[in-house]
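Open the model in your viewer and keep the selection panel at hand. Each stop below says what to select and what is there.

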Amino acid sequence: MNEHVREDRLHDYVDDLLCREERIEVELHLNGCEQCRSEVAALRDLVSSLHGVPESIEPSSDLLAGIHARLDEMAEPIHSPAVRTLSGRTLHSMRGPLAAAAVLLVALSAILTATIVRRPAPDADTRTTSNRSTDSNVGSIRLAGSQHDAVEKQYRDATSELEAQLAAQREFLSAETVQLVEENLRVIDTALSEARTALQDDPGNPMLSDLVRSAYEQKLDLLRNATAVRGDT
Amino acid sequence: MVPETIPTSDRAALLTISRQAPVVPQEIVRRAQAGDREAFDELYRCAVGRVYAVCFRMAGDAQSAERLTQDAFVRAWVRLESFRGESAFTSWLHRLTVNVVLEDRRSTGRREMRVENVEDPGLYERGTPAPMVGEAVDLERAIARLPRGARTVLVLFDVEGYSQEEIARLTGTAVGTVKAQLHRARKLLREMLNR
């Protein structure tokens, strides 16, 4: 080899990143090239210096007070390292309202499902009247069966996406946060399951449709909050 | 100010100061995991030098290094529960610190092109540990003056011992880019130290 060894190859040689054949090729060249030998020696010297820098450097000021101040800001009545900021709140602070909302949803779902399912099935004409009456009570958009299916598919897709995101972030969340999220997801899923079962028996029932949608909204909200935790920490 | 020529034969010997990572007793880690602030303070005292060194070298200035060191310890407190003890606590904290610095860089981009921005020489001196003098300071100062990307790769590979593949993954770049940055950093360092 008459030409000098390429610079990047010399670096790889010094870093021991060449395969056996490449290493031998470089060494054969080095035997007869003072310039490349000198380059390798200088590189090794530099790398050796860098390997030897102190692992520890003490900061010139005490940073502990600032860390304490930040930890105090994060502190919650239930003290734990697992507390996480969530847009000015924490999952701890959400525990009560979230659980209450979920339980309320389950209770409402159970009562409404039982009431609605026990009600005699209306014929086509009376169902229209009944729907209109319910619309005015609930005040939300009513969906026909096919529309409901399409919307529910959107909800399912959105929740699946967020659930996958949450699963990917799980290792970064504290065990307590994971437990809290899972508990609430279970409650919401129970409500969702009951409402969906009832809706299958009575597909045109707008109140059951609302219950399903409400459960999905709550699930989405929880998942959005939980996945946002990772971004804040 | 670019440092004067350093006789390289003596440099390695001068830089072998406190190369040993501190050993943190498991009992202190467990107490801190249980929420004991005093134990956490003890962890801080054991590990702050190593955390600060990583932040200082990667950030390139003392002010950023102090902020990032605080960020790292706050995150350590938040995530302490996830430390399972499979690795040494200092290794866990070290990786967490590297992630904090890289995430900060990605989210803010505030310290871009540090080589042109170091107008205040005190930024370096304020972070210089007392026992580190002469050639060691010159090397540290030269590292701080490297362009950001090159400095990151050089610190992670040559100082912290990460593989090029790990660095590529952490920085979201190709291994070829990591190599190019590393070689550029070394070339610039040699120029600065031999000038």
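This is a predicted model: local features need pLDDT of at least 70, side-chain atom pairs count only at pLDDT 80 or more; totals for chains, interfaces and linings use all residues.

**Stop 1: helix α9 of chain B**

Select residues 148-159 of chain B, which form helix α9.

To see them, colour A150(B), R151(B), T152(B), V153(B), L154(B), V155(B), L156(B), F157(B) and D158(B). Then step just past the end of the helix to G161(B), where phi is positive, at about 80 degrees.

**Stop 2**

Two packed helices are described by the angle between their axes and the distance between the axes.

Which residues in α9(B) meet α11(B)? They are G149(B), A150(B), R151(B), V153(B), L154(B) and F157(B). On the α11(B) side, select V178(B), Q181(B), L182(B), R184(B), A185(B), R186(B) and L188(B). By class, this contact of α9(B) with α11(B) consists of eight nonpolar, two polar and three charged residues.

**Stop 3: across to chain A**

Keep α11(B) in view and select residues 7-14 of chain A, helix α1. The axes of α1(A) and α11(B) come within 11 Å and cross at roughly 90 degrees. The two helices, α1(A) and α11(B), are therefore roughly perpendicular.

From α1(A), the residues E7(A), D8(A) and H11(A) meet K179(B), L182(B), H183(B) and R186(B) of α11(B). Sorted by class, the contact of α1(A) with α11(B) has four charged residues, two polar and one nonpolar.

**Stop 4: N184 in chain A**

Select residues 175-201 of chain A, helix α8, and find N184(A) within it. Is N184(A) buried or exposed? N184(A) is buried, because 24 other C-beta atoms lie within 10 Å and 20 or more are enough to count. Now pick L222(A) as well: L222(A) and N184(A) are 38 residues apart in sequence, with 8.0 Å between their C-alpha atoms.

**Stop 5**

Zoom out and show chain A by secondary structure. Chain A has nine helices and two strands, in the order α-α-α-α-β-β-α-α-α-α-α along the sequence. Of its 233 residues, 27% are buried.

Switch to chain B, which has eleven helices and zero strands. Chain B has 195 residues, and 41% of them count as buried.

**Stop 5: confidence in chain A**

Last, colour chain A by pLDDT. The average for chain A is 72, and 65% of the residues score at least 70. Select residues 77-95 of chain A: pLDDT stays under 50 there, and the model has 41 contacts beyond four places in sequence for this stretch. Residues 120-143 of chain A also have pLDDT below 50, with 16 contacts in the model beyond near neighbours in sequence.

Key. Residues are numbered from 1 along each chain as its sequence is written. Chains are lettered from A and ligands numbered from 1 in the order in which they are written. Helices (H or I, at least four residues) and strands (E, at least two) are DSSP runs, numbered from the N terminus. A residue is buried if 20 or more other C-beta atoms lie within 10 Å of its own, exposed if 12 or fewer, and partly exposed in between; C-beta atoms are placed from the backbone. Axes are lines fitted to C-alpha atoms, for helices over the stretch in contact, and angles run from 0 to 180 degrees between N-to-C directions. Two residues are in contact if their C-beta atoms, placed from the backbone, lie within 7 Å. Ala, Val, Leu, Ile, Met, Phe, Trp, Tyr, Cys and Pro count as nonpolar, Asp, Glu, Lys and Arg as charged, and the others, Gly among them, as polar. Angles under 35 degrees count as roughly parallel, over 145 as roughly antiparallel, 65 to 115 as roughly perpendicular and the rest as oblique. pLDDT is the predictor's confidence in each residue, from 0 to 100.
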